[in-house]
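Q: I would like to learn how to read a few features of a protein model. Could we take them one at a time?

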Amino acid sequence: MSLILIGLSAGLGASLRFLVTTMIKQHTKQIFPWATLLINLSGAFLLGILVGLQIPTLLYKILGIGFLGGFTTFSTLNVELVTLRRNKQFEVIPYALATYLGGPIALFGGLLLGHL
């Protein structure tokens, strides 16, 4: 039963990622991948909150592994980094820094909030 719940929540997370990405891309016509950055940083923050709250294991699996696993996207991040680099776009450096420095910071912020 937990496998089904995790799978369903992953599908919901992926669906939300699609909606957020679509909305952001409709309102920004820039090269910088704002949608993926926002999704991954907010996912790290929310995961930090879940860990900080020390929720029950099954709920963590459903929300953390399932929903947030489906919501965040490491593969899209890497495709965007490679594409920006291949196209010699300056945005590759701030994007990589914002992701790889911002992710742990967002996670830590969520952990702090979850411990309150």
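Q: Which residues line the largest pocket?
A: The general idea is that rolling a probe the size of a water molecule over the atoms shows where empty space is left. In this predicted model, the lining of the largest pocket is made by Asn40, Leu41, Ala44, Thr72, Thr73, Phe74, Leu77, Thr99, Tyr100, Gly103 and Pro104. A pocket here is an open set of points on a 1 Å grid over the protein atoms alone, where a 1.4 Å probe fits and protein lies on both sides within 12 Å along at least five of seven lines, and a lining residue has an atom within 4 Å of a point.

Q: What is the volume of the largest pocket, and which helix supplies the largest share of its lining?
A: The volume is about 200 Å³, taken as the space filled by probe spheres set on the grid points, which are joined across faces, edges and corners. Helix α5 gives the largest share of the lining, four residues, while α2, α4 (74-86) and α5 each supply at least two. By class, six of the lining residues are nonpolar, five are polar and none is charged, where Ala, Val, Leu, Ile, Met, Phe, Trp, Tyr, Cys and Pro count as nonpolar, Asp, Glu, Lys and Arg as charged, and the others, Gly among them, as polar.

Q: How many helices and strands does the protein have?
A: There are five helices and zero strands, and the order from the N terminus on is α-α-α-α-α. These elements are DSSP runs, numbered from the N terminus, with helices (H or I) of at least four residues and strands (E) of at least two. Residues are numbered from 1 along each chain as its sequence is written. Local features need pLDDT of at least 70, side-chain atom pairs count only at pLDDT 80 or more, totals for chains, interfaces and linings use all residues, and side-chain values use heavy atoms, with hydrogens and water left out.

Q: At what angle do α2 and α5 pack?
A: Two packed helices are described by the angle between their axes and the distance between the axes. Helix α2 (residues 34-53) and helix α5 (residues 92-114) pack at about 25°, with axes 6 Å apart, the axes being lines fitted to C-alpha atoms over the stretch in contact, with angles from 0 to 180 degrees between N-to-C directions. They are therefore roughly parallel, since angles under 35 degrees count as roughly parallel, over 145 as roughly antiparallel, 65 to 115 as roughly perpendicular and the rest as oblique. The contact, meaning heavy atoms within 4.5 Å, includes Leu41 and Ala44 of α2 and Thr99 and Gly103 of α5. By class, this contact has 14 nonpolar, nine polar and no charged residues.

Q: How do the axes of α1 and α2 cross?
A: The axes of helix α1 (residues 2-27) and α2 come within 9 Å and cross at roughly 140°, which makes α1 oblique to α2. Their contact is made by Arg17, Val20, Thr21 and Ile24 of α1 and Trp34, Ala35, Leu38 and Ile39 of α2, with six nonpolar, one polar and one charged residues.

Q: Which residues of α1 and α3 meet?
A: The axes of α1 and helix α3 (residues 57-71) come within 6 Å and cross at roughly 35°. Among the residues that meet are Leu5, Arg17 and Val20 in α1 and Lys61, Ile65 and Phe71 in α3. By class, the contact of α1 with α3 has 12 nonpolar, five polar and two charged residues.
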